[in-house]
Every structure is written in structure tokens, then in C-alpha cells.
Amino acid sequence: MFQQGMVTPPLASGQALRLDAVTRHYESPGGTVRALNGVSLALDGGSFTAVMGPSGSGKSTLLQCAAGLDTPTSGRVLVDGVEMSGGTEAELTRFRRNRIGFVFQHFNLLPTLTVLQNATLPLRLAGKRVDRTQAVEVLTRVGLADRLDHLPAQLSGGQQQRVAIARALVAGPRVVFADEPTGALDTRSARQVLALLQEAVRIDGRTLVMVTHDPVAAAHADQVLFLADGRLVGRLAEPTAAAVADAMTRLTDQAARGRVAEGV
Ligand SMILES: Nc1ncnc2c1ncn2[C@@H]1O[C@H](COP(=O)(O)OP(=O)(O)OP(=O)(O)O)[C@@H](O)[C@H]1O
């Protein structure tokens, strides 16, 4: 059922991610852009949430703020009940490395590193010992056991994204953020990537937050949160692709009507 409005439940021990009244404003020559306008949400550990909304609604900004890659103008982000602000840049980086994984649309692999080196980079950056057996296990799970010494340029897009998923999972993060992880992939590779992300939730108990424009991808999640104009405006539990597409059509129409009313 599509529910309008969002209510944040009280802090619970099982909460992996919580945002309290997060805003992100940008100053631009045309005035202040309110990319996020008071977003509150709470996600349980082991849940899979898709975030959707019209272009410019604030999806990427939400992900970047929640993942500690960007700093909110106001509000709080808590991962595992621990607030992700107030420290130095080095502390924030350490916090992110220990608790957060990120999958990008365009993979962001380092071209001169092999598959194994790319996948274990977060461990080496964090100064942790690289357990080769465990790293190979992760790469085997994403179907790349026979590609360990390949460079990214020697792989297909789908294979590169699977390396990126291994990299996001290798340090055992509490929350994994994925920004359009299937946006650059063909249907078959997209399906494989979604299955791997789903497995990370169902088998390993990771908490996954995925921005997507694709209703079929969103239907893999437990719930879809809808953003419009920097606010959470609705939630769809146990989504089907048809219900997600329907809700998106309504939101996009509303956004277009809003722009006409404002004379944009
Ligand atoms: N660095 C920035 N400086 C100024 N404005 C920005 C900046 N980053 C984002 N914005 C603005 O904030 C708003 C939200 O952007 P965001 O990229 O989060 O939207 P989105 O929903 O992810 O869009 P899309 O689906 O097109 O990727 C937009 O109006 C965008 O132009």
C-alpha cells in the first residue's frame, strides 16, 4: 500500500541506519537549493530499502549524506546508533570504513589494480590484514574466482560491478549504499547484480539502501521510499514493479504540475 508521509519510530537497538531531520542546502548563484529538506527515517538491520523519486528530488544527496560522503547542513545521521558527525575528517573516514560499503553506478574501480587488489582495497586503506582466503571467498560468491588477476578493463560492465560489490562487502559493513548500481548494465547483468545485493541482505544480514530509477530493480527491495523536492513523501511495502511504476507516475505528474504552477 502506498502510504503518504513518514513517521520516525523511536530509537531501537536493531536500527542500522537512522536520519533525524536531515537537511542539505547548497548555495548557488540562483539562491539556496534545498536538496534535502528535513528527512527522517529509521531502517532495521537486515532490511533492503529502495529510494526513488523524480530527477532532482534529492536521492543522491540523501545517499551521500547517509553514507558520510557529504555533510548535512543540519540534522543527524546515526549508523548502528552511533552519530556520524562531530569528529575530524580522519575520524569520519575511519567510521565509514568500518561500517559502510558503497556501490556506484560507474563502478569506480582503480584501473591499475587487479580484481583481487580492488576488492581488498578497503581493508588495506583501513590498515587491516588482508585475509586472502576470505577475499577469494567473497569474489567466488560474486562469480569472479577465475578473474582474480584481471584488470578492470579486461572485464565486462557486469563483472566490474560485481568486483565493486565484493569491495563493498569485504570489510563486513553494517550498511551498504548503492547509487543506481544497475544503471549502466544490460538486463541480464542487472539481474545478477540485484541477486547478489539481495543475497547480502538475506544471507549476511547487511542493511542495503539503493537509489534506482528502475521499478523492476526497486521491486527487489522490502520497501520503497519516495522522495520529492527533498522530502520523503511516501512508502511502499512489499513492492511490485507495477505498483512502483504507478506510484512514480503519480509523483512525476505531481512534480510536473508543481513546476507549471510555479511557472518554471
Ligand atoms: N553540489 C551541488 N551544488 C548545487 N546544487 C546541487 C549540488 N548537488 C545537487 N544539487 C541540487 O540538489 C538537488 C538534488 O540533487 P540530487 O542529485 O540529489 O537529485 P537526484 O534525485 O539524485 O537526481 P537524479 O535522479 O537526476 O540523479 C537538485 O536540484 C540538484 O541540482
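How many bridges join β5 to β6? In this predicted model, the count is 2 bridges, and β5 and β6 run antiparallel. The two strands belong to an open sheet of 4 strands, ordered β3-β2-β5-β6. A ligand is also present, and the shell around the ligand draws on β2, β3 and α1, each with two or more residues.

**Confidence**

- The protein has a mean pLDDT of 90, with 92% of its residues at 70 or more.
- Among the elements, the lowest mean pLDDT, 44, belongs to strand β1 (residues 2–4). Strand β4 (residues 48–52) has the highest, 98.
- The scores for the model are ipTM 0.97 and pTM 0.91.

**The sheet**

- Pairing within the sheet is antiparallel. In general, strands of a sheet pair through backbone hydrogen bonds, in either a parallel or an antiparallel manner.
- The edges of the sheet are β3 (31–44) and β6 (82–83), each of which pairs on one side only.
- Strand β2 (residues 15–28) is joined to β3 by 11 bridges, and the two run antiparallel. Across this pair, H25 stands opposite R34 in β3.
- β2 also pairs with strand β5 (residues 74–79), again in the antiparallel sense, over 5 bridges. Here L17 stands opposite V79 in β5.
- V79 also stands opposite V82 in β6.

**The β5–β6 hairpin**

- β5 and β6 form a hairpin with 2 residues between the strands.
- In this hairpin, D80 takes a positive phi near 55 degrees.

**The ligand shell**

- Y26, S28, V33, A35, G53, S55, G56, S57, G58, K59, S60 and T61 are the residues around the ligand.
- α1 (59–66) is one of the elements that give two or more residues to the shell, together with β2 and β3.
- The largest share of the shell comes from α1, which gives 3 residues.
- Sorted by class, the shell has 8 polar, 3 nonpolar and 1 charged residues.

Note on methods:
Residues numbered from 1 in each chain as written. Predicted model: local features only at pLDDT ≥ 70, side-chain atom pairs only at ≥ 80, totals over all residues. Pairing = 2+ DSSP bridges. pLDDT = per-residue confidence, 0-100. Near = placed C-beta within 6 Å. Nonpolar A, V, L, I, M, F, W, Y, C, P; charged D, E, K, R; others polar.
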